[in-house]
Amino acid sequence: MTSPVGNGVEIAVGLLREQLPADRVVAGEATAEAVKPWNAQVRQRPAVIARCHTTDDVRTAVLAARSAGLPLSVLGGGHDWGGGAIRDGGLLVDLSAMRRVTVEGAADGALDGAVEGRVVGTADGAEARVAGGATVSDVLDAVRPHGYAAAVGTVSSVGFAGLTLGGGYGTLIGLLGLGVDNLLSAEVVLADGRVVTADPEHEPDLFWALRGGGGNFGVVTELRTRLHPHAEVTTGLIAFSWEQAGSVLRGWRNLTAAADDVDDPAFADDALDVMFGALHTPAGLVLFTSPTWAGDPARADEQIARVRALGEPVLEDVGRRALADAVHAMDELFPQGRSYHLGSRLLPVLTDAAIDEFVRAGDAMPTTCALNVHHAHGAVTRVAVDATAYQYRDEHLVVEILGSWTDGDGDGDGDGGAGAAEAGWVRDTERRLDAYALPGGWPNLMARDDPRAAGAFGGNTERLLAVKAHYDPDGMFTAMPLPR
């Protein structure tokens with residue numbers, strides 16, 4: 001007897017092949033080789049893959065899944081560590097061929113076949129159109145020749161749409177705000193097949209919800225985002241021995257303190273961002289800082305010197321660089337195909353007690369793991385809590401707890417196999433920081449069943465769920481956790 005699921009797959013494949021070229025529809029055992037998630041622990045496999053090249057292709061795929069009754073998911077950069085981009089036995093909308101970035105303004109036309117140029121000024125600067133499958137690398141590489149940067153993260157292979165719609169933390173956060181704060185519009189394929197453009201004047205509730213609620217309302221096939229004249233910055237690495245970690249972090253807290261007098265040079269400038277974390281290096285375990293100065297280049301030396309003075313550096317590599325190159329440099333730390341178990345906590349402040357727990361977590365950290373902390377400050381804090389679905393607008397820190405391993409195919413479930421120590425350390429570190437953390441958390445780093453999703457949107461929850469019910473009443477889209 002043919003199962004209902006089997007019938008659904010046959011229906012979906014038939015509908016797709018009626019409207020897409022044969023090589024864009026993958027079904028059966030071939031799907032296992034056609035999808036290579038960033039995290040090797042993601043073992044879900046779709047029953048059907050629609051390799052989309054256009055918005056019309058995406059619409060075809062959404063309607064096919066709906067008609068066939070198949071679960072649907074969307075693959076962009078594929079960095080969802082928990083596997084939310086792939087639903088077992090479902091239809092996968094693969095956007096990896098939709099990576100065009102159009103920087104409107106340069107008169108020289110296409111630069112390399114994937115990027116088009118012309119620069120158009122907006123009230124706040126230039127802008128770019130970014131296709132739904134583009135990565136951070138695609139965006140930075142496209143805008144760099146024109147002297148621009150975008151509000152992006154710290155790893156170039158991450159999907160730009162997923163990063164942006166989930167909040168969008170990056171190294172220029174003090175000046176530019178979050179990724180959601182730079183979004184100008186989004187083209188979205190809805191569950192019923194309609195294609196709409198959401199911006200402040202059109203579908204304003206959808207536009208509000210997308211900015212923090214992620215791809216839970218439809219397939220985002222194109223974004224318009226602001227660009228900024230920061231293609232080059234002063235950035236790099238200054239690391240301190242782990243024995244100095246506590247004192248360096250207390251110094252970091254003073255360095256980044258908000259000033260009562262905004263002209264007081266003793267306090268942090270929005271243009272200075274100082275990420276920090278713990279990392280095993282050939283020189284041993286270090287407390288690293290990653291300072292980025294995006295202000296007047298003539299002031300770069302004095303700003304970097306303030307970070308250097310936090311302790312006695314054991315490693316240093318800071319200079320004037322393209323932001324694109326600096327982001328690319330982080331890729332080797334988190335390559336595709338390794339096994340990952342990630343966690344995160346949001347801290348409102350870095351108290352002495354939280355510093356002590358951070359240091360204890362570093363003491364226990366396996367050699368293949370890392371801690372990375374973003375500092376949300378400056379422009380982020382000047383946006384109202386209810387202006388976007390993303391609620392965290394006071395100054396805060398995002399602690400990324402990065403468990404990684406390569407040996408064997410264990411799942412980190414704590415049975416003593418491969419990944420048990422690394423995943424266990426992630427969970428232990430989360431527990432260490434729970435007492436100091438904000439309610440909820442950053443949904444982009446939550447697994448599908450993370451209970452913290454219930455508090456992730458605070459006072460924006462009711463409106464967010466109302467928008468979800470309006471645009472996706474049947475719950476087709478499950479890009480990242482939402483409150484139930």
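Is R432 buried, partly exposed or exposed? In this predicted model, where local features need pLDDT of at least 70, side-chain atom pairs count only at pLDDT 80 or more, and totals for chains, interfaces and linings use all residues, R432 counts as partly exposed, at 29% relative accessibility. Residues are numbered from 1 along each chain as its sequence is written, and side-chain values use heavy atoms, with hydrogens and water left out. Throughout, buried stands for under 20% relative accessible area, exposed for over 50%, and partly exposed for values in between, with a 1.4 Å probe and protein chains only. Helices (H or I, at least four residues) and strands (E, at least two) are DSSP runs, numbered from the N terminus.

The salt bridges are described next. A salt bridge is counted when a side-chain nitrogen of Lys or Arg lies within 4 Å of a carboxyl oxygen of Asp or Glu, and a search of the whole structure finds 26 of them. R432 forms one with E357, their closest N and O atoms being 3.3 Å apart. This pair links distant parts of the chain, with R432 in helix α12 and E357 in helix α11, 75 residues apart. Whereas R432 is partly exposed, E357 counts as buried, at 16% relative accessibility. Salt bridges with shared partners also join R250, R253, D352 and D356 into one network.

Because D352 lies in helix α11 (residues 352-363) and R253 in helix α8 (residues 245-255), the pair ties together parts that are 99 residues apart in sequence. Both partners are partly exposed, D352 at 38% relative accessibility and R253 at 28%. A further salt bridge joins the side chains of R345 and D434, at 2.5 Å, N to O. Here too distant parts of the chain are linked, R345 being in strand β16 (residues 339-347) and D434 in helix α12 (residues 420-434), 89 residues apart. R345 is buried, with a relative accessible area of 9%, whereas D434 is partly exposed, with a relative accessible area of 38%.

Helix α4 (residues 136-143) has seven of its eight residues buried, so it is largely enclosed by the rest of the structure. The buried residues of α4 are V136, S137, D138, V139, L140, A142 and V143. G133 is found in the loop between β8 (125-131) and α4, and counts as buried at 2% relative accessibility. The C-alpha atoms of G133 and S96 are separated by 4.9 Å, although the two residues are 37 places apart along the chain.

Another buried position is Q303, with a relative accessible area of 1%, which is found in helix α9 (residues 300-308). When residues up to four places away in sequence are not counted, Q303 touches L272 and W293. By contrast, E203 counts as partly exposed, at 27% relative accessibility. E203 is placed in the loop between β10 (195-198) and α7 (204-213), and its phi is near 50 degrees, a positive value in a residue other than glycine.

The largest pocket holds about 540 Å³ of space. On a 1 Å grid over the protein atoms alone, a pocket is an open set of points where a 1.4 Å probe fits, with protein on both sides within 12 Å along at least five of seven lines, and lining residues have an atom within 4 Å of a point; the volume is the space filled by probe spheres set on the points, which are joined across faces, edges and corners. Of the 24 residues that line this pocket, G236, L237, A326, A329 and M330 are the closest to its centre. Two or more lining residues come from each of β12 (232-241), β13 (272-281), β14 (284-293), β15 and α10 (323-328).

L237 also belongs to a nonpolar surface patch with V314 and L315, which together have about 200 Å² of accessible area. Such patches are made of residues with over 30% relative accessible area and no salt bridge, nonpolar side chains (Val, Leu, Ile, Met, Phe, Trp, Tyr) being joined within 5 Å and like charges within 9 Å, and accessible areas come from the Shrake-Rupley method with a 1.4 Å probe, only the protein chains shown counting as cover for residues. L315, in strand β15 (residues 313-322), is partly exposed, with a relative accessible area of 31%.

Definitions and conventions:
Contact = heavy atoms within 4.5 Å.
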